[in-house]
Amino acid sequence: MNNALRITAFAAALAATFGTAYGVGRSVDPLVAAEDRPAQQHGGHGGGEEGGAEPAADHAPGGLQISEGGYTLDLATPTVRAGARTEIRFAVRDDSGRKVTAYQREHGKELHFILASTDLTQYRHLHPVRAADGTWSTPVDLPEAGGYRVFADFTPAAAGAGNLTLGADLAVSGAYRPAALPAPGAIAEVDGYRVALGGELRAGRSGELKLSISRNGRPVTDLQPYLGAYGHLVALRSGDLAYLHVHPNEGGPGPEVSFTATAPSAGTYRLFLDFKHEGKVRTAAFTVRVAEPGNDDGGHREGGAKAPAGHAH
């Protein structure tokens with residue numbers, strides 16, 4: 001193998017900085033809490049007020065900082081090898097350097113752990129286990145080398161603490177093969193399911209995204225709750241991987257799941273929808289471009305990115 005293609009821990013992260021983004025729908029392990037049930041209100045964990053609406057000012061991007069609000073993400077496993085099952089270990093430390101051991105439970109979990117490659121070819125929504133001393137751990141098996149970003153989404157139990165999303169870099173050694181960002185599209189297919197995207201994501205203003213799920217030409221009307229909701233949506237901004245995590249508005253078990261979200265800025269985003277059906281969690285991915293506020297970009301409304309023509313809605 002050409003040695004120039006072998007990535008060390010440092011080179012993996014560096015190479016990925018200049019990589020372009022790409023994503024595909026994929027299955028994820030159904031790490032589901034026993035207390036799963038449909039959510040009635042969606043506060044914290046990136047969620048909004050009842051119905052999902054939040055003021056745009058509350059939508060500052062997360063995950064760009066390793067420390068915030070007196071808390072720091074301490075990633076004890078900054079390097080892993082591609083294709084090898086590895087345990088990632090980390091902790092959240094307070095401003096005194098102590099590991100945090102008390103968290104509020106949100107959507108059935110104390111902490112949600114998102115892992116994505118910086119070129120967005122790989123995505124995982126994981127739920128690690130916390131030891132009594134505050135050390136978190138989760139097994140991973142990442143098939144592709146390159147730079148990655150990990151996100152810890154949590155709310156400390158300490159009085160006055162709010163929801164935080166902290167991020168840190170992870171390097172995966174191996175042969176790095178950059179991929180291209182797919183064009184925006186309104187349809188994603190994964191494991192025989194067809195997911196259609198409607199609505200728009202807007203810069204600095206709330207907008208509604210609607211995702212309709214079908215299989216074999218028939219609407220899926222019996223989605224199962226996953227972590228207390230019928231769907232989870234994560235948006236990552238291409239380039240710096242600014243993080244936005246929202247939850248569905250009120251609704252039934254399909255075929256449509258809707259979200260209210262605000263993009264922190266114009267740019268290109270990758271949307272990852274987790275949904276559960278017949279006991280398995282799957283992920284559908286979309287590319288969305290968000291225009292600058294006030295720009296009429298090919299028929300897009302002000303500050304928005306509308307689903308491309310031909311969408312089923």
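User: Is histidine 125 buried or exposed?

Analyst: Histidine 125 is buried, with a relative accessible area of 2%, where buried means under 20% relative accessible area, exposed over 50% and partly exposed in between, using a 1.4 Å probe and protein chains only. This is a predicted model, in which local features need pLDDT of at least 70 and side-chain atom pairs count only at pLDDT 80 or more, while totals for chains, interfaces and linings use all residues. Residues are numbered from 1 along each chain as its sequence is written, and side-chain values use heavy atoms, with hydrogens and water left out.

User: Ok, and which side chains have a polar contact with the side chain of histidine 125?

Analyst: The side chain of histidine 125 has a polar contact of 3.2 Å with that of histidine 127, and another of 3.0 Å with that of aspartate 274. A polar contact here is a pair of N or O atoms within 3.5 Å; within protein, one must be able to donate a hydrogen and the other to accept it, and residues adjacent in sequence count only if both atoms are side-chain atoms.

User: What else does histidine 125 touch, not counting residues up to four places away in sequence?

Analyst: With contact taken as heavy atoms within 4.5 Å, the residues that histidine 125 touches include His112, Phe113, Tyr226, His232 and His245, besides Asp274.

User: Switching to valine 257, where is that found?

Analyst: Valine 257 is found in strand S19, residues 256–261; strands (E, at least two residues) and helices (H or I, at least four) are DSSP runs, numbered from the N terminus. Valine 257 counts as buried at 3% relative accessibility, and, leaving aside its neighbours within four places in sequence, its contacts include Leu209, Leu211, Tyr230 and Pro248.

User: Last one: what is the strand order in the open sheet of 5 strands?

Analyst: The order is S3-S4-S6-S10-S9, with antiparallel pairing. Strands S3 (67–68) and S9 (129–130) are the edge strands, each pairing on one side only. Within that sheet, 6 bridges join S6 (residues 86–93) to S10 (residues 135–140), and phenylalanine 90 stands opposite tryptophan 136 in S10.

Technical notes
Pairing = 2+ DSSP bridges.
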